[in-house]
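Please look at the sequence and the structure shown here before reading on. The paragraphs below are meant to be read with the model in view.

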Amino acid sequence: MREDQIKTVLTDLKGRSASIEAAALISTDGLILSSVLPEMMDEDRVSAMVAAMLSLGDRTAAELACGTLEQVLITGSHGHILIIHAGQDAVLCTIANKTAKLGLLFLDAKYAAQAVTSLL
Amino acid sequence: MELHYSDRNLELFCHVAGLSREDQIVLTAVRDNVHPLIPWLTDRFYEVLAEEPEIKPYIEGRVEQLKKTHVVWLESLFAGDYGVDFIKRQEKIGETHVRVRVPPLFVAASMAFLRGALPPVLVVNVPDAKQAMLATASVLRLLDLCQYLIDRKYAEVLMDNLGISPVLLTRLQTVGKGLALAS
């Protein structure tokens, strides 16, 4: 039931904009909890890398006196990967293409993270 | 050997390596034969290190202090107590190496030096040939244990500094190289 609700949040997030291509909820240890990823993406790889990136972001923010980490944004030539905390023990990863409006992406991901946090 | 090891990895190491209480007895028995030669061995070791331009900056200006530490560490190999305190001392070395940025290469090279240097010392200075042979096998096993403990702690501290938990590290290792796109 709860898994279904989390999946619905991720599906809704993906449906909010045509630029959002994938979303995944991952434990901070790198275990996939729920995802709406394209078939070509390997869940295990995505989850491990995203969790590692968030861990590094946490440490970097702390080391450079930027306070508590809010998000990590990776931008490549084809799109963006937005990583934000979803509660203490989970991470929400949203993958969007280059056409995404970053402000909207941040907002949509933030609301989705709040929604899944309440379900965890 | 006092194997107060509560961790499965160390149990596995000792089992596969054949490291046991027997090694404690064997190494303690040759302690008096080896002790007088330890300072010489340490001097030789630091001569070799000083020849390496990449290592020189790590030891310059504090060779005498490092030698003292090395002598104590070498003596501990023949002290017969390889329990919790022994393990903690090896782990402390690993922690220190992260802090002072001594790479694992130096540990591996140093251990290789000792694996080459200690057997002849034992053969020449232990009167009983069988005892010398047994002590050689024991000290080689123990050096391997030390290297494992030092390297393991080094990796743990390094990963902790990066915020990578052991579970996450295992996942990262198993995902392998390449893209997150399924092949």
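Predicted model: local features only at pLDDT ≥ 70, side-chain atom pairs only at ≥ 80, totals over all residues.

Begin with chain B, which has 10 helices and zero strands. The C-alpha trace of chain B spans about 65 × 40 × 30 Å along its principal axes. Chain B has 183 residues, and buried residues make up 23% of them. Now take the contacts in chain B with a separation of 6 or more: residues 24 or more positions apart account for 77% of these contacts.

Next, consider one helix by itself. Helix α9 of chain B covers residues 129–162, which is 34 residues. At 1.5 Å a residue, this helix should span 50 Å, and its end C-alpha atoms are 49 Å apart, so the two values agree. After α9(B) comes B:Gly163, whose phi is positive, near 80 degrees.

Now consider a pair of helices. Two packed helices are described by the angle between their axes and the distance between the axes. Helix α4 of chain B (residues 38–50) and helix α8 of chain B (residues 104–125) pack at an angle of about 150 degrees, and their axes are 11 Å apart. Angles over 145 degrees count as roughly antiparallel, and therefore α4(B) and α8(B) are roughly antiparallel to each other. Their crossing is right-handed. On the α4(B) side, the contact is made by B:Leu41, B:Arg44, B:Phe45 and B:Val48. On the α8(B) side, B:Phe113, B:Ala117 and B:Val121 take part. Sorted by type, the residues of this contact are six nonpolar, no polar and one charged.

The two chains also touch each other. This contact takes 16 residues from chain A and 12 residues from chain B. On the side of chain A that touches chain B, eight residues are nonpolar, two are polar and six are charged.

Where is A:Glu39? A:Glu39 lies in the loop between β2 (32–36) and α2 (43–63) of chain A. Is A:Glu39 buried or exposed? A:Glu39 has 7 other C-beta atoms within 10 Å; a residue with 12 or fewer counts as exposed, and so A:Glu39 is exposed. A:Glu39 and A:Glu21 are 18 residues apart in sequence, and they are 11 Å apart in space, C-alpha to C-alpha.

Conventions. Residues numbered from 1 in each chain as written. Chains lettered and ligands numbered in written order. Helix = DSSP H or I, 4+ residues; strand = E, 2+ residues; numbered from the N terminus. Buried ≥ 20, exposed ≤ 12 C-beta atoms within 10 Å, placed from the backbone. Contact = placed C-beta atoms within 7 Å. Expected span 1.5 Å × (residues − 1). Axes fitted to C-alpha atoms, helices over the stretch in contact; angles between N-to-C directions. Parallel < 35°, antiparallel > 145°, perpendicular 65-115°, else oblique. Left-handed = near helix turned anticlockwise from the far one by under 90°. Nonpolar A, V, L, I, M, F, W, Y, C, P; charged D, E, K, R; others polar.
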